[in-house]
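Subject: Structure handover

Hi,

Here is the structure for you to look over.

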Amino acid sequence: QLQLVESGGGLVQPGGSLRLSCAASGFTLDFYAIGWFRQAPGKEREGVSCFSNSGRSTKYADSVKGRFTMSRDNAKNTVYLQMNSLKPGDTAVYYCAFCDAATMTGFGSWGQGTQVTVSS
């Protein structure tokens, strides 16, 4: 069974950092384009970052460029999202999923996500 499980969220002050993890089971992550998505209260889910289908590059939403970095550890079958200089506007539930980098849309099953709250 293909599964992606997010973790690492929490409460952080503006300007702080968090690292989210997305652990895969049932398949090998490095063969697939995986992305991070988020959904804030009252808003639609939006794409945050996505590995290209070739795996050679990463696409980021304009709102997080220069602050967020996506990486993967193939040995651990895990994808990470390092989030720096966090802003209150980054508050959302964060999900990882299969990703179409061209459109920054996710597909497949969605997990529980991990809550990120940026507040003083």
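The notes below cover the source, the disulfides, the sheet and the cores.

This is a predicted model: local features need pLDDT of at least 70, side-chain atom pairs count only at pLDDT 80 or more, and totals for chains, interfaces and linings use all residues. Residues are numbered from 1 along each chain as its sequence is written, and side-chain values use heavy atoms, without hydrogens and water.

Disulfides (cysteine sulfur pairs within 2.5 Å) come to two. Cys22 bonds to Cys96, S to S 2.1 Å. That link is right-handed, with 80 degrees about the S-S bond. Cys22 sits in β3 and Cys96 in β9, so the pair ties together parts 74 residues apart in sequence. Strands are DSSP E runs of at least two residues, numbered from the N terminus. Cys50 bonds to Cys99, also at S to S 2.1 Å. This one is left-handed, at -135 degrees. The pattern is 1-3, 2-4, counting bonded cysteines along the chain.

Pairing needs at least two DSSP bridges between two strands. β1 and β3 share five bridges.

The largest nonpolar core has 28 residues; Trp36, Leu81, Met83 and Tyr94 have the most contacts inside it. A core here is a set of buried Ala, Val, Leu, Ile, Met, Phe, Trp, Tyr and Cys residues joined through side-chain atoms within 4.5 Å. Buried means under 20% relative accessible area (1.4 Å probe, protein chains only). A second, separate core of six residues includes Cys50, Cys99, Ala101 and Met104.

Best wishes

Note on methods
Buried means under 20% relative accessible area, exposed over 50%, partly exposed in between (1.4 Å probe, protein chains only). Helices (H or I, at least four residues) and strands (E, at least two) are DSSP runs, numbered from the N terminus.
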